[in-house]
Amino acid sequence: MARILIAEDEAGIRLLVARALTLEGHDIVTAADGEEALEVIAADNDGFDAVLSDIRMPALTGIELAHAVKAVFPDMPILLMTGYAEQKEAAESLTRIVFGVVEKPFTLTQIRRAMDDLFAAHPPRTRAEPIRRAG
């Protein structure tokens, strides 16, 4: 299945989503905020097939994370999560870099379906494929 980086500052949500996607067969790596997520991406040699990030986080927001990821990995699909309507509207204006936005609270079925939709549009690479960097 896919290798997914989850960036979420609320530990309970991070654990719940990670567990749900692990049960779907995905390889999950988590980060407590956007800054940590960037550090994980920079230090990782295997690459990720997608990023699932909260929008409102300390240090670096999900939108800032999306811009930073796309600057280095232009093909990486990014799905955002938020419980704030104004942030959802702001993220939806970024359709060129963000696959979509999932509204909190969500059910596990909804988050699984959102990830399924993302991977239907952006199939995970095989592990033999190299990670494509910008430039």
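**Glu10**

I started with Glu10, which is partly exposed because its relative accessible area is 42% (buried is under 20%, exposed over 50%, partly exposed in between, with a 1.4 Å probe and protein chains only). I found Glu10 in the loop between S1 and H1; helices (H or I, at least four residues) and strands (E, at least two) are DSSP runs, numbered from the N terminus. Then I looked across to Met57: 47 residues separate Glu10 and Met57 in sequence, yet their C-alpha atoms are 8.8 Å apart in space.

**What I'm working with**

This is a predicted model, where local features need pLDDT of at least 70, side-chain atom pairs count only at pLDDT 80 or more, and totals for chains, interfaces and linings use all residues. Residues are numbered from 1 along each chain as its sequence is written, and side-chain values use heavy atoms, with hydrogens and water left out.

Ala59 has a positive phi, near 75°. I placed Ala59 in the loop between strand S3 (50–54) and H3, and it counts as exposed because its relative accessibility is 58%. Next, I found a cis peptide bond between Lys104 and Pro105, with omega about -5°. Pro105 sits in the loop between strand S5 (100–103) and H5.

**H1 against H5**

How do the axes of H1 and H5 cross? Helix H1 (residues 11–23) and helix H5 (residues 108–121) have axes that come within 10 Å and cross at roughly 60°. The axes are lines fitted to C-alpha atoms over the stretch in contact, with angles running from 0 to 180 degrees between N-to-C directions. H1 and H5 are therefore oblique to each other (under 35 degrees is roughly parallel, over 145 roughly antiparallel, 65 to 115 roughly perpendicular, the rest oblique). I listed the contact (heavy atoms within 4.5 Å): Leu16, Val17, Ala20, Leu21 and Leu23 of H1 meet Leu108, Ile111, Arg112 and Met115 of H5.
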